Amino acid sequence: MFQLIQQNDGLSIGVFGIGGCGCNTLNSIFEQRESEQAHLYSVNTDKVVLEHTQSDEAVLIGAELTHGYGAGADPKVGLQAAEESKEQLLTLINGCDIILCATGLGGGTGTGASPYIAQLASEQGKPIIFVATLPFSSEGEFRGNIAQTGLNELKEHANAVITLPNDQLIEVLGNDIGLFDAFKHSNQILHSLIKSLIDMLCFQGLINVDLNDFAKIMDCQGDAVLGVGKCNDESELTTALDSALNNPLVNQVDMSSSTGVIIQVNCKEEISLGSYNLITDTVRQQVSPNALVICGVSKIESLATSYELLVIATGASSKMILDDNKSESSSKVVATKPKASDIFDIPAFIRNQSAPPSKSSL
């Protein structure tokens, strides 16, 4: 039934860590990287951070502007630094087929440089996805406003932005968790998201999701969702799929209006035909009948769990879940508090509100 397709060894995935948060994430990814097709690039205005970041190439942006001492929590400086280093950034961008970025919003380098890097990638016709953390509310309204402005600018250029609000870590992990541990958990979530995308695009499969498939799904404008679910027993696949489709960390997205969906099944051992059909049928029932649904299946013996499901749905509409006891005008969101053990298996939603990448350049 399935035809074995060899992986595309020429595919190059650029993983950019931008600013302090992004560079910290690269340290986690670098140690656990399994694919030679993923190339890690650290981008910062702070030369000390770059010296302690593990990556394939470090780019000190705005060297003349900041002299390597950082952006001083000023996004304008972060933007100017990126503009100064435009040629360096373009060289890296043009060497990639797909770009995945990790960044933190609310400071100087990540907030200022990230939208500019997304703009450069968009102009070059490169699909680009961002995973961005948002600051704790305790860090103040000023920093929160900076983050929101940066997020809005980022959405104008990136194909997808996955947001991870740090405040949600408190709800999941509790107030007693150490500060360093909280940020470590955040980095692990970023790592989980990025690794799942790399696995989907790099490993050979019985059915492959290739670059053209990925670009076609990313062409669908509107809100989008990306989720990962994991389990160790085939009988638990429906629970893992539910985890991938329903993320309690952020606002819900109405998948019924999705126009493009990628379903990727990674497994250590062969999955049964019945389970495969159950997964695809379940997802198809939740999206538009006219939606383009692309499925992939790969055997990856190095998986931490026996099964891993990745779902990317695009072209959807936002929805608000209202409390039955409240009127629609109150717009009160009802959220289910997740278990601490589940947080790493339920990545954040992505919102795709920018122009699609140019197919002619892919």
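**Strands and helices, term by term**

Guide: Let's begin with a pair of residues: isoleucine 18 stands opposite threonine 103 in S4. This is a predicted model, in which local features need pLDDT of at least 70, side-chain atom pairs count only at pLDDT 80 or more, and totals for chains, interfaces and linings use all residues. Residues are numbered from 1 along each chain as its sequence is written, and side-chain values use heavy atoms, leaving out hydrogens and water.

Visitor: What makes strand S1 and S4 a pair?
Guide: Two strands pair if DSSP finds at least two bridges between them. Strand S1 (residues 13–18) is joined to S4 by six bridges, and the two run parallel. Strands here are DSSP runs of E with at least two residues, helices are runs of H or I with at least four, and both are numbered from the N terminus.

Visitor: How do you know that strand S4 pairs with S5?
Guide: Strand S4 (residues 98–104) and S5 share six bridges in the parallel sense. Isoleucine 99 stands opposite isoleucine 128 in S5, and glycine 104 has threonine 133 of S5 as its bridge partner.

Visitor: Why is S4 called largely enclosed?
Guide: Buried means under 20% relative accessible area, with a 1.4 Å probe and protein chains only. Seven of the seven residues of S4 are buried, so the rest of the structure largely encloses this strand. Ile98, Leu100, Ala102 and Gly104 point one way, Ile99, Cys101 and Thr103 the other way, and all are buried. In a regular strand, side chains alternate between the two faces of the sheet.

Visitor: Why is helix H5 called oblique to H6?
Guide: The axes of H5 (residues 86–94) and H6 (residues 109–123) come within 10 Å and cross at roughly 55 degrees. Oblique covers angles left over once under 35 degrees (roughly parallel), over 145 (roughly antiparallel) and 65 to 115 (roughly perpendicular) are taken out, so H5 is oblique to H6.

Visitor: Which residues of H5 and H6 make the contact?
Guide: With contact meaning heavy atoms within 4.5 Å, they are Lys86, Leu89, Leu90 and Ile93 of H5 and Tyr116, Ile117, Leu120 and Ala121 of H6.

Definitions and conventions
Axes fitted to C-alpha atoms, helices over the stretch in contact; angles between N-to-C directions. Buried < 20%, exposed > 50% of the residue type's maximum accessible area, 1.4 Å probe, protein only.
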